[in-house]
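Have the coordinates open and follow along.

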Amino acid sequence: MSTGGAAAHGGGEQSGAVVAVDVGGTTVKGMVRVGDVVLDRAVVPTLGPVTPGNGDGPGGPALAAVTAVVDRLAAAATSAGHPLTAIGLCTPGVVDAETGTVVVAVNLDWHDLPLAALLRDRYGVPVAVAHDARAAATAEIAARTAAGRDVAEMVFIPIGTGVSASLVVDGRLVVGAAGGAGEVGHVCVRPGGEPCTCGQRGCVEVYASARNIGRRYRAAGGTIDGATDEIVAAVDTDPLAAAVWADAVDALAAGIAILSAVLDPAVVVVGGGLGESGERLLAPLRTAVDARLGWRPAPRIEQSLAGAGAGLAGAALLARTAADPTAPPRTPHHPRTRRTP
């Protein structure tokens, strides 16, 4: 499907549409925007059922989910009279943003996947690909800057299906030699502990990601079969939930203590879906980090200002830059949603 088109500018407004996609281990989320107006949104399971001929090519089911989201959103934009002009996508894993290649994303079964090239060939528009935590951090930096909050030395940790981090040093995002800086989710904090999808044991992500909190709770005999936030809400009344939550906080605190000792950030910002737990997470986390860093001051630990949608907001910034590299930066949070008649 090709819906190529050039961005048109009149009075500083963009008539072309950009699609933003946030690829997670559980769902692929997308939205299509014209300027600051959201035309439509879409969410599909990342690894849902594969229909014949769909999902058996490069990228497998996860890429099939991505194209399903982009197909729907591009069609919505075209029907509203706005040609697709660019795609911005963020994904977990080790990402070479310059080439748009996902070097490895274990939860998606992606290895050396030329994601940007595949999407460019399919849709005929510029495509920008970035690591999900760094895309989310871009949105967080914009939100904190607008609020007059410190961003010069910061660690941003979005917690969802996985756990990662964006490292901001001297006001700059650190990418790393191979594009893998900030993979705190795969730092071993429990030697010989539970196996992780990355092949190691005892990683932060095994205990502290939203998916693994739910998995560990049910494996221990927990009776709540809903979303992880329901388990978190039951911490005060369900001993199993309390035990699993304590393990999650302790593992995350160990990872933050390591980052703090190495980077000395002024603030650690916790985001993603689990970050919406607020003080239920942050209060015990501060105590645990402080105990591990007794020999030195702990960084401030704060909730994300950009919220759980930071990854998608960051992907929208990627798309806007891909559509018009000369455009000035735009604050990505709180877009207006178009009212339907």
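Among contacts in the protein chain between residues at least 6 apart in sequence, 61% join residues at least 24 apart; contact here means heavy atoms within 4.5 Å. The model is predicted, so local features need pLDDT of at least 70 and side-chain atom pairs count only at pLDDT 80 or more, while totals for chains, interfaces and linings use all residues. Residues are numbered from 1 along each chain as its sequence is written, and side-chain values use heavy atoms, with hydrogens and water left out.

The protein chain holds 10 helices and 16 strands. Both kinds of element are DSSP runs numbered from the N terminus: helices are H or I with at least four residues, and strands are E with at least two. Of the 341 residues in the protein chain, 52% are buried. Buried stands for under 20% relative accessible area, exposed for over 50%, and partly exposed for what lies in between, with a 1.4 Å probe and protein chains only.

Axes are lines fitted to C-alpha atoms, for helices over the stretch in contact, and angles run from 0 to 180 degrees between N-to-C directions.

| Helix pair | Angle | Axis separation |
|---|---|---|
| Helix 1 (residues 60-79) and helix 2 (residues 115-123) | about 40 degrees | 12 Å |
| Helix 5 and helix 7 | about 140 degrees | 9 Å |
| Helix 7 (residues 239-263) and helix 9 (residues 279-292) | about 50 degrees | 9 Å |

How are helix 7 and helix 9 oriented to each other? They are oblique, a label for angles that are not under 35 degrees (roughly parallel), over 145 (roughly antiparallel) or 65 to 115 (roughly perpendicular). Sorted by class, the contact of helix 7 with helix 9 has 12 nonpolar, no polar and three charged residues. In this sorting Ala, Val, Leu, Ile, Met, Phe, Trp, Tyr, Cys and Pro are nonpolar, Asp, Glu, Lys and Arg are charged, and the others, Gly among them, are polar.

Helix 1 and helix 2 are also oblique to each other, and their crossing is right-handed. Here L63, V66, T67, V70 and D71 of helix 1 meet L115, L118, L119, R122 and Y123 of helix 2. That contact has seven nonpolar, one polar and two charged residues.

**Helix 5 and R216**

Helix 5 and helix 7 cross in a right-handed way. I213, R216 and Y217 of helix 5 make the contact with L240, A241, V244, W245, D247 and A248 of helix 7. By class, the contact of helix 5 with helix 7 has seven nonpolar, no polar and two charged residues.

The buried residues of helix 5 are A210, N212, I213, G214, R216 and Y217. Their cover includes helix 4 (204-208), helix 6 (228-233), helix 7 and helix 8 (272-275).

R216 sits in helix 5 (residues 210-219) and counts as buried at 14% relative accessibility. What does the side chain of R216 make a polar contact with? The partner is the side chain of D247, at 3.2 Å; a polar contact is a pair of N or O atoms within 3.5 Å, where within protein one must be able to donate a hydrogen and the other to accept it, and residues adjacent in sequence count only if both atoms are side-chain atoms. Not counting residues up to four places away in sequence, R216 touches E194, V206, Y207, V244 and D247. Just after helix 5, G221 takes a positive phi of about 100 degrees.

**Around strands 8 and 9**

L108 belongs to the loop between strand 8 (101-105) and strand 9 (110-113). With a relative accessible area of 3%, L108 is buried. Leaving aside neighbours within four places in sequence, L108 is in contact with V23, G24, G25, T46, A62, T91 and P92. The C-alpha atoms of L108 and G59 are separated by 8.3 Å, although these residues are 49 apart along the chain.

D109 is found in the loop between strand 8 and strand 9, and is exposed at 57% relative accessibility. D109 has a positive phi of about 60 degrees although it is not a glycine. D112 lies in strand 9 and is exposed, with a relative accessible area of 56%. Phi of D112 is near 50 degrees, a positive value in a residue other than glycine.

Methods:
Left-handed = near helix turned anticlockwise from the far one by under 90°.
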